[in-house]
Amino acid sequence: MMIDNPTPLDVLVVAPHPDDAELGAGGAILRLKADGCRVGVLDLTDGEPTPHGSGEIRARETAAASQILGLDWRGNLGLVNRSLRATLEARHALAGAFRQLRPRLLFAPYWVDAHPDHLAAAELVEAARFWSKLTKTDLPGAPHYPQRIVYYYCVHLRLVEKPAFVLDISGVWEKKRAAIECYRSQFITGRPSQPPTFLDRLRDQAAFWGWSIGTDYGEPFASREPVGLASLRDLA
Ligand SMILES: [Zn+2]
């Protein structure tokens, strides 16, 4: 993928399907934007077909959610939904995007999941991050190594994991919810309307993670490496 005149990003969230970034990292995206960071989302596939969606509907929903999140950039790598695999070709395409967008921080889906696309996405981000720094290749852009990968939870399993850290998203929860609600074809149409609805469940989970750190709402994240603190003042 050739990206026209890319301005380097601070953060790039890589998502297997449009809506995964909103579900797992919507709060972090909104908080990073409030901190003045340049944030982008790269969807690996268009997420279709689904029972109530279409390529056109999904693109409209994605644009609306991107606007609520205030993204600086959003792209789609055009890989095939339901058939996502961490192939060399996909690694080349993703590493090329990293070298052009030059994020310091990457977000990837959590590495344990029932959805094969999500597993492939996690593997692909790690492999492409490594390739991104190579010299003497035909990859576009200059060598670049994103400093850290943080893993967000958008998991098709009822996992009860211990996260590496929980981010306070109390101030942005309503906006995160609004971004998720843009995906009507995925989370509202055809779903039970009796409470607890799918959105109610998401709110309850955000409230649980908020409770775990003494705030109203939280968003959990995983890391393979220890998470360093710049200062103990950052401890909530
Ligand atoms: Zn997904």
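Visitor: What is the accessible surface of the protein chain, and what share belongs to carbon and sulfur atoms?
Guide: The accessible surface comes to about 11900 Å², and 53% of that belongs to carbon and sulfur atoms. Accessible areas come from the Shrake-Rupley method with a 1.4 Å probe, and for residues only the protein chains shown count as cover. This is a predicted model, in which local features need pLDDT of at least 70 and side-chain atom pairs count only at pLDDT 80 or more, while totals for chains, interfaces and linings use all residues. Residues are numbered from 1 along each chain as its sequence is written, and side-chain values use heavy atoms, with hydrogens and water left out.

Visitor: How many helices and strands does the protein chain have?
Guide: There are 7 helices and 7 strands. Both are DSSP runs, numbered from the N terminus: helices are H or I with at least four residues, strands E with at least two. Along the sequence the pattern reads β-α-β-α-β-α-β-α-β-β-α-α-α-β.

Visitor: Why is the protein chain called as compact as a globular protein of that length?
Guide: The radius of gyration is 17 Å, close to the 18 Å that the globule rule gives for 236 residues, so the description applies. The radius is taken over C-alpha atoms, and the rule is 2.2 Å times the number of residues to the power 0.38.

Visitor: Why are Tyr 183 and Phe 187 called buried?
Guide: Buried means under 20% relative accessible area, exposed over 50%, and partly exposed in between, with a 1.4 Å probe and protein chains only. Tyr 183 has 0% relative accessibility, so it counts as buried. Phe 187, at 7%, therefore counts as buried too. Of the 236 residues of the protein chain, 47% count as buried.

Visitor: How many aromatic pairs does a search of the whole structure find?
Guide: The search finds 10. Rings of Phe, Tyr and Trp (its six-membered ring) pair if their centres lie within 6.5 Å; planes under 30 degrees apart count as stacked, over 60 as edge-to-face and the rest as tilted.

Visitor: What makes the pair of Tyr 110 and Tyr 153 tilted?
Guide: The centres are 4.7 Å apart and the planes make 45°, so by the cut-offs the pair is tilted. Tyr 110 lies in the loop between strand S4 (105-109) and helix H4 (116-132) and Tyr 153 in the loop between strand S5 (148-152) and strand S6 (165-168), so the pair ties together parts that are 43 residues apart in sequence. Tyr 110 and Tyr 153 are both buried.

Visitor: What kind of pair do Tyr 183 and Phe 187 form?
Guide: Their pair is edge-to-face, with 6.4 Å from centre to centre and 70° between the planes.
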